[in-house]
Amino acid sequence: PYKPYLNEALVQIKTGVKEQPRVNVNCTAYVPPRLELRPFPLVASPAFALREVRFINNGPAPVRVRKVTCDDPRLRADVVEKKEGSEYLIRVVMPIGYVPAGPGHVITIETDDAEEPVVKLPFLPKAPSETDAEPQP
């Protein structure tokens, strides 16, 4: 019933106490998507030539990463299987000082998953602001 990512609600609880019959409680829950990338999106850090992204399968059936590609030829990416069918480490190698141009680039992750055979990871020049929309892999 909850959507993936961040869920927030204000819940009112009846206390049964005459002096304070109700209490308001702020509730926050993070629901991971079935196929999750951390961090999402990937944000440039010019001081580093290597960035790592975790690909996590939170679903019941195994998912394998078949291939990782970048739309910028200056970037190289490979994948390391950490836990078969459920966790992979995607390593993105770039020149020192690299910052994606314009709106950024896309790292494409091909899987053997029937529902999501392709997962796209945005690679941005700067972090999105808090007012931006929730991530949508």
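Me: Which residues of the largest nonpolar core touch the most other members?
Reply: Happy to start there, keeping in mind that this is a predicted model. The largest nonpolar core has 21 residues. Strand 3, strand 5 (50–57), strand 6 (65–70), strand 8, strand 9 (105–111) and strand 10 (118–124) each supply at least two residues of this core. Those that touch the most other members are L37, F55, I109 and F123.

Me: Let's stay with F123: which residues does F123 touch, not counting residues up to four places away in sequence?
Reply: F123 is one of the core residues with the most contacts to other members. Leaving out residues up to four places away in sequence, F123 touches L42, V43, A44, L75, M94, Y98, P100, G104, H105 and I107.

Me: Now to the open sheet of 4 strands: which strands stand at the edges?
Reply: The strand order is 3-5-8-7, with antiparallel pairing. From one strand to the next, the twist averages 20°.

Me: Which residue in strand 8 is the bridge partner of V79?
Reply: Strand 7 pairs with strand 8 (residues 87–93) in the antiparallel sense, over 7 bridges. For V79, the bridge partner in strand 8 is I90.

Me: And how many residues lie between strand 1 and strand 2 in their hairpin?
Reply: Strand 1 (residues 5–17) and strand 2 (residues 20–31) pair in the antiparallel sense over 11 bridges. K14, for instance, has R22 of strand 2 as its bridge partner. The number of residues between the two strands of this hairpin is 2.

Key: Residues numbered from 1 in each chain as written. Predicted model: local features only at pLDDT ≥ 70, side-chain atom pairs only at ≥ 80, totals over all residues. Heavy atoms only, no water. Pairing = 2+ DSSP bridges. Axes fitted to C-alpha atoms, helices over the stretch in contact; angles between N-to-C directions. Core = buried A, V, L, I, M, F, W, Y, C linked by side-chain atoms within 4.5 Å. Buried < 20%, exposed > 50% of the residue type's maximum accessible area, 1.4 Å probe, protein only. Contact = heavy atoms within 4.5 Å.
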